[in-house]
Amino acid sequence: SNNNNHNNNNNQSSTRFASTKNHSTPGMNSLSPYLNFDPRVLNPRGSQFILPEGQKEKRGRLELMFFTIGGSVIAGSMIGSVSGLYRGMTETRDLIGSVRTSSIINYVARQGATTSSAMGSIALIYSLIGTGVSWIRGVDDELNTVASGGLTGLLYRSTAGLKSALRGSLYGVAASSVYVMLTSKERLQTYM
Amino acid sequence: MDREPCPWRIVDDCGGAFALGAIGGTLFHSIKGFRHAPSGQYRRLLGSLEAVKLRAPRVGASFSAWGCIFSLADCSFVYLRKKEDPWNSIMSGALTGAVLQARQGPGAMLGSAVIGGFILAMIEGTGILINRYSQMLMPKPDYEEPPPDLNSGKVDLSMPPLFNSSSGQSTSGNYS
């Protein structure tokens with residue numbers, strides 16, 4: 001009967017404090033008396049990452065610049081190499097042996113180098129203009145991305161005439177708007 | 001040093017080398033195009049602009065190829081040897097020089113590998129010397145820390161004799 005009383009007491013305590021059995025309430029822990037504090041004091045700002053002192057939470061444009069440029073160079077070289085391979089295979093159909101191999105390599109290398117340098121210089125101009133725009137405006141948001149995309153297109157085609165420059169800036173605005181839509185959907189919900 | 005971990009370091013180095021080559025090539029070829037253009041300020045400016053548009057991306061592309069292959073070789077050596085060394089950089093420089101001259105035949109590859117390894121050895125050696133001499137020349141702190149007090153924080157636990165000391169009874173006063 002002692003055991004039964006003990007069990008009854010346990011059942012009573014578990015029904016009175018049923019919430020602590022299923023999920024913990026802050027300030028009360030049945031495991032250890034040393035855990036009786038509110039864990040919310042440990043992370044007052046609610047951030048999910050640990051940052052060293054003085055570092056901002058988002059990386060600046062200048063730090064992202066090398067990654068952007070490197071990614072465009074590598075992507076451009078892959079696209080150019082594949083396109084050069086396709087063109088080389090179709091245009092050297094009447095050659096055989098090592099002459100054909102050598103000329104296909106020439107096509108691949110030339111197209112790969114051209115496309116990679118073009119995409120790399122677009123990325124470089126975009127990063128520099130983006131850094132300048134965000135430095136002038138003082139704040140860094142998606143409008144900077146779209147504006148610098150437009151200005152990059154304008155500058156890149158500026159030596160080919162006004163109409164071509166405006167078309168280039170339109171392509172730039174379109175490309176950066178697509179990028180902004182894909183990556184920052186939740187921040188734009190307020191405007192939609 | 002806050003460099004990225006190894007797979008992303010390759011993209012970073014490629015982009016850094018391209019930026020270096022493109023900006024350096026812009027400055028160099030703008031001056032060269034300015035000087036080689038026919039006389040007249042407007043034509044000289046146009047000439048420098050044309051030279052920049054034509055030549056600077058090529059310089060950037062060759063720099064970025066060098067940087068990408070160097071970083072790829074460096075990360076591969078770190079992964080294979082499982083340690084970070086100056087020897088990794090030297091071997092990567094040699095391998096990069098060799099790969100970039102691969103179409104010219106084995107003799108050119110060997111010569112380019114020797115040059116690349118030599119340049120990287122110079123760079124790494126300078127880095128090591130700078131590290132060593134900057135440690136020697138660092139100012140010593142002008143205060144010495146006080147010798148640690150081994151008795152700080154201790155509490156005197158000696159108890160006064162609770163009982164009259166008589167033989168046959170253990171005295172607590174013996175504990176100090």
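Buried area is the accessible area, taken with a 1.4 Å probe, that two parts lose on being put together, summed over both. I start there because the size of an interface is often given as the accessible area lost when the parts come together.

A word on what you are looking at. This is a predicted model, in which local features need pLDDT of at least 70 and side-chain atom pairs count only at pLDDT 80 or more, while totals for chains, interfaces and linings use all residues. Residues are numbered from 1 along each chain as its sequence is written, chains are lettered from A in the order in which they are written, and side-chain values use heavy atoms, with hydrogens and water left out.

Contact, meaning heavy atoms within 4.5 Å, takes in eight residues from domain 1 of chain B and 12 residues from domain 2 of chain B.

Domain 1 and domain 2 of chain B bury about 960 Å² between them, and 71% of that is on carbon and sulfur atoms. Which three residues supply 50% of the area that domain 1 of chain B buries against domain 2 of chain B? They are Phe70(B), Phe77(B) and Arg81(B), which supply more than any other three residues.

Arg81(B) also forms a salt bridge with Asp85(B), and the closest N and O atoms are 3.1 Å apart. By salt bridge I mean a side-chain nitrogen of Lys or Arg within 4 Å of a carboxyl oxygen of Asp or Glu. The count between the two domains of chain B is one salt bridge. The side of domain 1 of chain B that touches domain 2 of chain B divides into six nonpolar residues, no polar and two charged. Here Ala, Val, Leu, Ile, Met, Phe, Trp, Tyr, Cys and Pro count as nonpolar, Asp, Glu, Lys and Arg as charged, and the others, Gly among them, as polar.

Now the two chains together. The contact takes 18 residues from chain A and 18 residues from chain B. About 1,400 Å² is buried between chain A and chain B, with carbon and sulfur atoms giving 73% of it.

On the side of chain A that touches chain B, the elements that give two or more residues are helix 3 (61-91) and helix 4 (97-137) of chain A. Helices here are DSSP runs of H or I, at least four residues long, and strands are runs of E, at least two, both numbered from the N terminus. Helix 4 of chain A gives the largest share of that side, nine residues. The residues on that side of chain A divide into eight nonpolar, nine polar and one charged.

Over all chains, a search of the whole structure finds two salt bridges. One of them joins Glu91(A) and Arg87(A), with the closest N and O atoms 3.7 Å apart. Both residues lie in helix 3 of chain A, four residues apart, about one turn of the helix.

Last, the record. For "transmembrane region", an unreviewed UniProt entry lists residues 64-86 and 164-182 of chain A; such annotations may be inferred rather than shown by experiment, with feature names shortened and positions in the numbering used here. In the model, residues 64-86 of chain A are 100% helix and 0% strand, with end C-alpha atoms 33 Å apart. Residues 164-182 of chain A are also 100% helix and 0% strand, and their end C-alpha atoms lie 27 Å apart.
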